[in-house]
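Reader: I've just opened this protein chain and I'm new to reading structures. Please take me through it one feature at a time.

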Amino acid sequence: MKKFTSTELRKAWKQFYIDRGHKDVGAVSLVSDGSTGVMFNVAGMQPLMPYLLGEKHPMGTRLCNVQGCVRTNDIDSVGDKSHGTFFEMLGSWSLGDYFKKERCQWSFELLTELFGFDADHLAATVFEGNENAPRDEEGAQYRIASGFRKDRIYYLPAEDNWWGLEYGPCGPDSEMFYVKDVPPCGPDCKPGCHCGKYTEIGNDVFMQYEKHHDGSLTPLKQKNVDTGWGMERILAFLNGFDDVYKIDVHAPAIAYIEEASGVKYDSDEKLTRSMRILADHTRTATMLIGDEAKLLPSNAGAGYVLRRLIRRAVRHARTLGLKKENILKVSEKYIEVYAESYPLVKKNQEFILSELGKEIERFEATLENGMKEYAKILEQVKAQKGTQIDGKSAFYLYDTFGFPIELTVELADEEGLTVDEAGFKAAMEEQKAKARENANFSAKLSTDANLFDDLGEAFTTQFVGYDVIMNETIVAALATADARKDSLSEGESGTVVVPVTSFYATMGGQKGDFGVIRGANGVFEVEETVKLPGGRVGHVGKVVSGKISVNDHVRMEVNAANRAATCKNHTATHLLQAALQQVLGSDVHQQGSYQDGARTRFDFSFGRAMTEEEIAKVEEIVNAKILEDIPVVTDVMNIEEAKKSGAMALFGEKYGETVRVVSVGDFSKEFCGGTHVKRTGDIASFKILSESGIAAGVRRIEGLTSANVIEHYKALEETLKQAAAAAKSTTANLVEKIQHLQAEVKALSSENESLKSKLAKNSLGDVMNQVKEVKGVKLLATSVAGVDMNGLRDLGDQLKEKLGEGVVILLSEQEGKVNMIAMATDGAVKAGAHAGNLIKGIAALVGGGGGGRPNMAQAGGKNPAGIPAAIVEAAKVLEGQL
């Protein structure tokens with residue numbers, strides 16, 4: 001066998017196939033576009049699914065690449081010698097070109113000529129056949145003809161030698177193994193046996209069937225070959241390792257973890273497992289954040305998986321005694337390792353380390369705050385002699401404090417408890433359901449979309465609304481919520497489908513049009529326009545007069561004022577994105593948007609709040625472009641031409657072969673299917689209403705244009721008048737009046753605090769005779785009536801000064817609740833006193849909880865009757881600390 005570095009192996013793989021007529025298609029994003037129903041690209045063939053089903057690939061029928069992949073389905077197995085969440089797939093494909101003969105021959109050449117395997121140490125498996133598909137005799141014969149020994153060909157069942165997803169392309173596969181010179185474990189020893197004699201090297205999948213939703217198989221239009229080899233595993237094998245964490249891509253990170261932790265790799269099984277998890281999860285997080293999608297941690301979807309990976313890395317780093325700066329250093333090691341093969345990671349290094357650092361800090365805060373809440377829940381469960389933390393409590397920890405369910409399970413297990421994970425999932429689903437109900441991005445379709453299936457695949461709705469807002473057509477179909485109708489009468493709600501419409505359907509962030517459909521016998525008011533399956537458009541609303549029937553000739557009338565206002569907001573959003581990139585940098589990317597006739601909303605990737613100066617600058621740039629009255633030009637072009645033109649596309653959005661590109665001079669160019677103004681001057685004006693954070697690394701700007709800006713300022717003016725009247729001032733003198741009132745309030749507040757302090761002191765009286773010594777440390781623990789937390793702090797400072805050195809604990813009943821503080825001088829702290837732990841030790845007696853620093857802590861409670869007992873307990877708790 002020949003030894004390779006990872007760089008050498010990637011290059012050798014691609015060159016082998018390029019020499020045989022293949023084109024390197026390059027790698028795509030680690031984050032899936034959603035077309036295959038998974039969050040990440042989990043295999044090299046995944047992005048090629050449409051072409052495996054028959055679509056023509058622009059680069060031909062012979063393809064190859066090295067594709068980064070992310071799989072987290074077996075995340076709990078990570079930590080052993082072979083599993084990882086990120087890996088690289090060495091791939092090659094035939095899309096209806098060569099089939100088994102060439103594939104088997106090239107695999108043998110790859111193994112023997114490129115990798116230097118001895119043919120006598122090779123074995124292969126083929127599909128043995130079942131009731132759905134025949135035995136793969138053809139594959140076996142081609143393996144033998146290529147050079148495999150006949151006695152080393154094994155027939156295995158579908159669970160070993162059949163590849164396919166739930167539905168889609170599938171077929172028999174043939175795996176290749178290296179046979180070690182060790183005795184077989186028994187008469188049935190063969191590939192797939194776990195005795196160590198056979199090591200899997202690679203796999204060829206012969207996709208010749210399509211599996212349908214009913215489970216049936218039919219031959220594919222074209223026979224394909226999908227070859228995929230895991231780079232890390234083959235690299236480890238070629239270099240004589242049985243542990244993938246010893247190959248060159250991991251070596252620098254593992255060496256650093258050894259150095260920083262003082263733990264030698266392989267010296268302790270538990271700690272070595274933590275080293276692998278820290279390395280793997282940090283690598284995956286680094287690759288995902290640095291990917292073209294610039295994925296960020298969140299509480300849903302792929303973002304939640306990323307958050308879980310980072311937080312698992314943090315937990316295992318803590319096991320090794322490592323902190324945030326150490327994890328970031330591990331990330332830097334991987335950035336250097338992948339700088340050449342994944343240049344985006346190196347380019348985005350600053351962004352990766354910044355976002356990774358923020359998430360680590362968030363989790364550290366989560367651990368502290370969540371642990372406090374967890375302790376309360378744990379105390380309640382134990383008090384009730386329970387054995388399980390209920391699902392709602394677990395979800396409360398997750399939803400309010402970001403406490404991962406996995407961590408709650410681990411902590412509960414340490415206490416001999418379980419967690420109701422089913423209840424947790426139910427609580428999460430309940431919250432999601434509420435969120436869906438409250439979502440107002442698009443009105444709910446009042447009709448079951450499947451009711452229009454019988455119109456046939458050929459029937460689609462043509463949209464002509466780019467050019468006109470009114471058109472003549474006929475009614476093709478009508479339906480209420482659950483049934484097709486021949487007609488709808490006055491007062492009835494439903495959906496109208498027509499072959500040609502000027503109404504824009506909600507899509508790409510732009511809210512659909514509303515207006516009316518007029519016929520000879522009635523008028524239908526369109527409240528919402530939505531996309532339906534099969535390229536159709538649904539006009540949702542109700543009949544406001546007369547009757548609308550199928551085959552009626554009607555006039556489609558879009559509400560002109562709303563369309564014009566929506567167009568202004570949409571074009572302004574394009575100007576806004578370009579201005580944001582100009583002010584904040586090119587790393588700003590759209591994360592979502594919404595435009596209707598009233599406002600625009602734009603979500604974008606950025607790691608901090610914008611300054612007032614930045615917001616003002618962005619607004620100034622947008623308004624300057626509006627004043628320039630630049631023509632807004634839309635071109636329809638081939639998607640490849642559009643990409644070459646520099647037009648921005650929204651990541652994750654699926655586009656067809658032809659796309660619309662909207663340009664505003666040289667300032668902005670984007671893929672966009674929405675409606676726009678003819679010239680920027682039509683927008684008139686733009687105003688940013690707010691800038692806020694909506695998720696980790698995602699900001700939101702809301703804004704207004706045109707007449708809505710004027711209405712905004714009118715409302716502000718009215719509010720200003722009302723404020724001036726309330727302050728008994730004029731609008732011109734309002735600022736001066738407020739400043740005067742603030743000074744007056746400040747003086748009165750100071751006087752009030754002084755009086756309260758005197759009152760509290762008088763109420764407390766002389767308590768120095770209550771001072772006692774606990775193991776040589778003075779303790780003053782007493783109560784005073786009706787004093788708030790600020791007053792207690794002032795009293796505590798005064799008493800601490802009188803005491804000289806020691807501990808002061810004060811409790812006060814106020815309006816049926818308890819306020820309490822603990823203070824410890826430097827000398828007392830050195831002797832072992834800890835104010836925070838003192839508070840924790842007595843708070844439960846007054847029905848409360850709290851904590852704080854060694855020298856000062858405070859808490860609240862709900863049971864004033866427990867104050868005397870808490871004062872007595874204070875001495876016992878302090879004694880235990882000294």
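Reader: Let's start with strands. How many bridges join strand β24 to β29?

Author: First, the terms: strands are DSSP runs of E with at least two residues, helices are runs of H or I with at least four, and both are numbered from the N terminus. Two strands pair if DSSP finds at least two bridges between them. Here, six bridges join β24 (residues 600-605) to β29 (residues 698-705), and the two run antiparallel.

Reader: What should I know about the model itself before we go on?

Author: It's a predicted model: local features need pLDDT of at least 70 and side-chain atom pairs count only at pLDDT 80 or more, while totals for chains, interfaces and linings use all residues. Residues are numbered from 1 along each chain as its sequence is written, and side-chain values use heavy atoms, leaving out hydrogens and water.

Reader: Back to β29, then. Which way does strand β28 run against β29?

Author: Antiparallel again: eight bridges join β28 (residues 686-695) to β29. "Buried" means under 20% relative accessible area, "exposed" means over 50%, and "partly exposed" is in between (1.4 Å probe, protein chains only).

Reader: Which strands pair with β2, and in what sense?

Author: Strand β1 (residues 23-24) pairs with β2 in the parallel sense, over two bridges, and Asp-24 stands opposite Cys-64 in β2. Strand β3 (residues 86-95) pairs with β2 in the antiparallel sense, over nine bridges; there, Leu-63 stands opposite Trp-93 in β3. Eight of the nine residues of β2 (residues 62-70) are buried, so β2 is largely enclosed by the rest of the structure.

Reader: How much of the whole chain is buried?

Author: Of its 882 residues, 48% count as buried. The secondary structure comes to 24 helices and 35 strands, and the C-alpha trace spans about 105 × 90 × 50 Å along its principal axes.

Reader: Now the inside. Which residues have the most contacts in the largest nonpolar core?

Author: A nonpolar core is a set of buried Ala, Val, Leu, Ile, Met, Phe, Trp, Tyr and Cys residues joined through side-chain atoms within 4.5 Å. The largest one here has 111 residues, and Leu-111, Phe-115, Phe-117, Trp-229 and Leu-288 have the most contacts inside it. Helix α12 gives the most to this core, with 11 residues. Apart from it lies another core, of 28 residues, including Phe-604 and Phe-606.

Reader: What does Phe-115 touch?

Author: Contact means heavy atoms within 4.5 Å. Leaving aside neighbours within four places in sequence, Phe-115 is in contact with Met-1, Lys-2, Phe-4, Leu-9, Leu-110, Trp-229 and Leu-238.

Reader: And pockets? Which element gives the most to the lining of the second largest pocket?

Author: On a 1 Å grid over the protein atoms alone, a pocket is an open set of points where a 1.4 Å probe fits, with protein on both sides within 12 Å along at least five of seven lines; lining residues have an atom within 4 Å of a point. Points are joined across faces, edges and corners, and a volume is the space filled by probe spheres set on them. The second largest pocket has a volume of about 700 Å³. Of the 22 residues that line it, the closest to its centre are Lys-372, Lys-376, Gly-848, Gly-849 and Gly-850. Helix α12 gives the most to the lining, with nine residues.

Reader: Last one: where does Asn-551 lie, and what is its phi?

Author: Most residues other than glycine have a negative phi. Asn-551 has a positive one, near 80 degrees, and lies in the loop between β21 (536-549) and β22 (553-558). Asn-551 is exposed, with a relative accessible area of 56%. Then try Glu-815, in the loop between β32 (807-814) and β33 (817-824). Its phi is positive too, about 55 degrees, and Glu-815 is exposed at 79% relative accessible area.
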